[in-house]
Amino acid sequence: MSASGTAMAADGAGGTGSSRPAPSGGRRAVSSVLWAVLVPALLLLGAALGQWMTWAGVVVALATIAVAACVVGGSWHRAGAATLVSFAGFALMLFAGPAMYEAYMKTVGEPVDAVVTQVADRDQRRGPDMFCTVRELGGGRETYEVSQQENCFGQARPGDRVEIRKDPLGLLDPRLPDSPDQRNTTEITIAVTAGLTLLVAAGTFYGGQRRRG
């Protein structure tokens, strides 16, 4: 075979054996930014949805983490970044929901005077243990049973008058007020949520920028 034929054969073998061309720097940066915004946004959406319908929020969040892990770890071949995004995503699920609920109820929740009629510790193996029953003192005198998710931690006793916060849309259960030893808990939860959101975004962006193949 001549030298030119050998060169053509080698070039042909290299062309058929190579993978698809890697995206340019600009396209890589754009796709990385899109994924870095989409992944934490969907996780926050799932966390917010979970405060209304728990199963729906869990499905959205778990599906988002699974897709992100497949893209970052499988398509981009960045196992370390995929692990970081997955663990930070699970942590974000735990903090984002309570942070959104607390911030929402404290900001737009309607203050209503109520009285605590019962506090029960059901000592369940799964889920909240403390449950508080509160009854409105005005209006329709509606009665609600709230759990630890709505800030029932035994800080109120039967007969105590409290000011609960009601969801103006009627989608979420009322929230009990904070006790004196719960100061700045909402701010801390929001700060942790913000940090985890940035961590998920940064891990996804890094994996996209340093992708292989």
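Is Ala68 buried or exposed, and with what relative accessible area? Ala68 is buried, because its relative accessible area is 2%, where buried means under 20% relative accessible area, exposed means over 50% and partly exposed lies in between, as judged with a 1.4 Å probe and protein chains only. The model is a predicted one, in which local features need pLDDT of at least 70 and side-chain atom pairs count only at pLDDT 80 or more, whereas totals for chains, interfaces and linings use all residues. Residues are numbered from 1 along each chain as its sequence is written, and side-chain values use heavy atoms, with hydrogens and water left out.

The protein contains five helices and four strands, the helices (H or I, at least four residues) and strands (E, at least two) being DSSP runs numbered from the N terminus. Read along the sequence, these elements follow the pattern α-α-α-α-β-β-β-β-α. Of the 213 residues of the protein, 35% count as buried, and the protein exposes about 12,400 Å², of which carbon and sulfur atoms supply 61%; accessible areas come from the Shrake-Rupley method with a 1.4 Å probe, and for residues only the protein chains shown count as cover. Among contacts between residues at least 6 apart in sequence, 65% join residues at least 24 apart, a contact being defined by heavy atoms within 4.5 Å.

The UniProt record, an unreviewed entry, places the feature "transmembrane region" at residues 29-49, 55-74, 81-101 and 188-208; UniProt positions are given in the numbering used here, feature names are shortened, and annotations may be inferred rather than shown by experiment. In the model, residues 55-74 are 100% helix and 0% strand, with end C-alpha atoms 27 Å apart. Residues 81-101 are likewise 100% helix and 0% strand, and their end C-alpha atoms lie 29 Å apart.

Ala68 belongs to helix H3 (residues 54-75), and, when residues up to four places away in sequence are not counted, Ala68 touches Val39, Gly73 and Val85. Ala68 and Thr83 are 15 residues apart in sequence, and their C-alpha atoms are 9.9 Å apart in space. The loop between H3 and H4 holds His77, which has a positive phi of about 60° although it is not a glycine. With a relative accessible area of 42%, His77 is partly exposed.

Helix H4 comprises 30 residues (residues 79-108) and should span 44 Å at 1.5 Å a residue, which agrees with the 42 Å between its end C-alpha atoms; the expected span of a helix is 1.5 Å times one less than its number of residues.

For helix H5, with 25 residues (residues 185-209), the span should be 36 Å at 1.5 Å a residue, and its end C-alpha atoms are 36 Å apart, which agrees. The buried residues of H5 include Thr186, Thr189, Thr193, Leu196, Thr197 and Val200, together with Ala201, Gly203, Thr204, Gly207 and Gly208. An α-helix has 3.6 residues a turn, so residues three or four places apart point the same way. The buried residues of H5 pack against helix H2 (25-50), H3 and H4.

A search of the whole structure finds one disulfide, a disulfide being a pair of cysteine sulfur atoms within 2.5 Å. This link is formed by Cys132 and Cys152, whose sulfur atoms are 2.0 Å apart, and it is right-handed, with 70° about the S-S bond. The pair links distant parts of the chain, 20 residues apart, with Cys132 in strand E2 (residues 130-136) and Cys152 in the loop between strand E3 (143-147) and strand E4 (161-166). Both Cys132 and Cys152 are buried.

The loop between E3 and E4 also contains Asn151, which has a positive phi of about 80° although it is not a glycine. Asn151 is buried, with a relative accessible area of 4%. In strand E2 lies Thr133, a buried residue with a relative accessible area of 13%. Not counting residues up to four places away in sequence, Thr133 touches Val115, Val116, Thr117 and Gln118, as well as Thr143, Tyr144 and Glu145.
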